[in-house]
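Here are my notes on the model you sent over, written as a colleague's comments. Have the coordinates open as you read, and go through the points in order.

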Amino acid sequence: MKIKVLFTGKTNEAWIREGVAQYAGRIAHYLPFEIVETPDLDRMLKTLRPADFLVLLDERGETFTSPGLARYLEEKAAHLPKDLVFAIGGPYGFSQAVRERSNGQISLSKMTFSHQLVRVVFVEQLYRALTIIKGEPYHHE
């Protein structure tokens, strides 16, 4: 399984780019990983294969603990024939077309975060979930 994360737009904040790059490099040690920045998620939909599993990061989505996200990733890895694709929308969320194509939604919190900050938080949580799966000491309970 490959994990792909779609970001809408670019960021001018160096600390966000650096944080994302740091965790993306760590994630790549565990599995194939790709980040795609796109100006328009609707156009990006055309590049997805029918078997790709698209999950939106959305405030109305299902919430997980970090170990719960690890279990979610393990389950998807065991059953998905193609890529697991996560999408982080822009400041106004997702279009109806993107929502209709999605296979699920995840929420990082009941609080609202900027779409820029979510980039760093989400890739860190992916990394944390992978270390939990591998039984590594990054996550403490």
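1. Is Gly89 buried or exposed? Gly89 counts as buried, because its relative accessibility is 6% and the cut-off for buried is under 20%. Keep in mind that this is a predicted model. Gly89 belongs to the loop that runs between β4 and α4 (96-101). Have a look at His115 while you are there: the C-alpha atoms of Gly89 and His115 are separated by 6.7 Å, though the two residues are 26 apart along the chain.

2. Next, the nonpolar core. The largest one has 30 residues, and Ile3, Val5, Phe33, Phe86 and Leu126 are the ones with the most contacts inside it. At least two residues each come from β1 (3-8), α1 (14-27), β3, α3, β4 (84-88) and α5. Which element gives the most to this core? That is α5, with eight residues. As background, nonpolar side chains in soluble globular proteins tend to be buried together.

3. Leu126 is in helix α5, and it is among the residues with the most contacts inside the largest nonpolar core. Its relative accessibility is 1%, so Leu126 counts as buried. In sequence, Leu126 and Ala24 are 102 residues apart, yet their C-alpha atoms are separated by 9.1 Å.

4. Staying with helix α5, you will find Gln116 there too. Is Gln116 buried or exposed? Gln116 comes out as buried, because its relative accessibility is 14%. Val85 makes a handy reference for Gln116: the two are 31 residues apart in sequence, and 18 Å lies between their C-alpha atoms.

5. The largest pocket has a volume of about 410 Å³. Its lining is made of 22 residues, and Leu57, Asp58, Glu59, Thr112 and Phe113 are the closest to the pocket centre. Two or more lining residues come from each of β3 (53-63), β5 (104-107) and α5 (115-134). β3 gives the most, with four residues. Sorted by class, this lining has 10 nonpolar, eight polar and four charged residues.

6. The second largest pocket holds about 160 Å³ of space. Its lining consists of Phe64, Thr65, Ser66, Leu69, Ile106, Ser107, Leu108, Val121, Phe122 and Gln125. The elements that supply two or more of these residues are α3 (66-79), β5 and α5. Here α5 has the largest share, with three residues. How many charged residues are in this lining? There are no charged residues, and the rest of the count is six nonpolar and four polar.

7. Now the rings. Searching the whole structure turns up five aromatic pairs. Why is the pair of Phe64 and Tyr72 called tilted? The ring planes of Phe64 and Tyr72 are at 50°, with the centres 5.1 Å apart, so the pair is tilted; planes under 30 degrees apart would count as stacked and over 60 as edge-to-face. Phe64 has 27% relative accessibility, so it counts as partly exposed, whereas Tyr72, at 13%, counts as buried. Phe64 also turns up in the lining of the second largest pocket.

8. Last, the tyrosines. Tyr23, Tyr30, Tyr127 and Tyr138 form one aromatic cluster. Which ring does the charged end of Arg26 sit over? The charged end of Arg26 sits over the ring of Tyr127, 5.2 Å from the ring centre.

Definitions and conventions. Residues numbered from 1 in each chain as written. Predicted model: local features only at pLDDT ≥ 70, side-chain atom pairs only at ≥ 80, totals over all residues. Heavy atoms only, no water. 1 Å grid on protein atoms, 1.4 Å probe; cavity = no way out; pocket = protein on both sides within 12 Å on 5 of 7 lines; lining within 4 Å. Points joined across faces, edges and corners; volume = space filled by probe spheres on them. Nonpolar A, V, L, I, M, F, W, Y, C, P; charged D, E, K, R; others polar. Phe/Tyr/Trp six-rings, centres within 6.5 Å; stacked < 30°, edge-to-face > 60°. Buried < 20%, exposed > 50% of the residue type's maximum accessible area, 1.4 Å probe, protein only. Lys NZ or Arg CZ within 6 Å of the ring centre and 35° of its normal. Core = buried A, V, L, I, M, F, W, Y, C linked by side-chain atoms within 4.5 Å.
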